[in-house]
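Subject: Structure for you to look at, with notes

Dear colleague,

I am handing over the structure below, and I would be grateful if you could read my notes with it open beside you.

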Amino acid sequence: TVPTPSGNVQMKVPENSKAGSKLRLKGKGSPGRDVSGDLYVILEIVTPPANNEKARQFYENMAKEFSFDPRSSMRR
């Protein structure tokens with residue numbers, strides 16, 4: 001659900017979207033004389049907190065199972 005000037009709308013986020021991606025909601029921005037402008041949504045990824053042992057263990061297991069390095073593109 002995304003808040004817009006004309007009220008909340010449901011939005012589908014494409015699979016494999018990344019933080020910082022811009023998605024356009026055509027005609028859902030600021031109202032104009034004839035048509036409303038477009039509203040751009042910038043994705044922010046929020047993960048659940050690891051505030052208990054079960055959650056911490058889940059994240060540790062995930063890190064072991066996946067060979068994902070979020071900073072690999074920063075290295076040269």
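Helices (H or I, at least four residues) and strands (E, at least two) are DSSP runs, and they are numbered from the N terminus. Read in that way, the elements of the protein chain follow the order β-β-α from the N terminus on, which comes to 1 helix and 2 strands. The radius of gyration, taken over C-alpha atoms, is compared here with a globule rule of 2.2 Å times the number of residues to the power 0.38. For the protein chain the radius is 18 Å, well over the 11 Å that the rule gives for 76 residues, so the chain is more spread out than a compact globule.

Please keep in mind that this is a predicted model, in which local features need pLDDT of at least 70 and side-chain atom pairs count only at pLDDT 80 or more, while totals for chains, interfaces and linings use all residues. Residues are numbered from 1 along each chain as its sequence is written, and side-chain values use heavy atoms, with hydrogens and water left out.

The overall picture

Along its principal axes, the C-alpha trace spans about 55 × 35 × 15 Å. Buried means under 20% relative accessible area, exposed means over 50%, and partly exposed lies in between (1.4 Å probe, protein chains only); by this scale, 13% of the 76 residues count as buried.

Salt bridges

A salt bridge is counted when a side-chain nitrogen of Lys or Arg lies within 4 Å of a carboxyl oxygen of Asp or Glu, and the structure holds 2 of them. In one, the side chains of Arg24 and Asp38 meet at 3.0 Å, N to O. Arg24 lies in strand S1 and Asp38 in the loop between S1 and strand S2 (39-42), so this pair ties together parts that are 14 residues apart in sequence. Arg24 is partly exposed at 47% relative accessibility, and Asp38 is partly exposed at 31%. Another salt bridge joins Glu53 to Arg56, with the closest N and O atoms 3.6 Å apart; these residues are 3 apart in helix H1, and are therefore separated by about one helical turn.

Around Thr4

If contact is taken as heavy atoms within 4.5 Å, and residues up to four places away in sequence are not counted, Thr4 touches Val9, Leu25, Lys28 and Leu39.

A nonpolar patch

Patches are made of residues with over 30% relative accessible area and no salt bridge, where like charges are joined within 9 Å and nonpolar side chains (Val, Leu, Ile, Met, Phe, Trp, Tyr) within 5 Å. Phe58, Met62, Phe66 and Phe68 form a nonpolar patch on the surface, and together they have about 490 Å² of accessible area, a value from the Shrake-Rupley method with a 1.4 Å probe, for which only the protein chains shown count as cover of residues.
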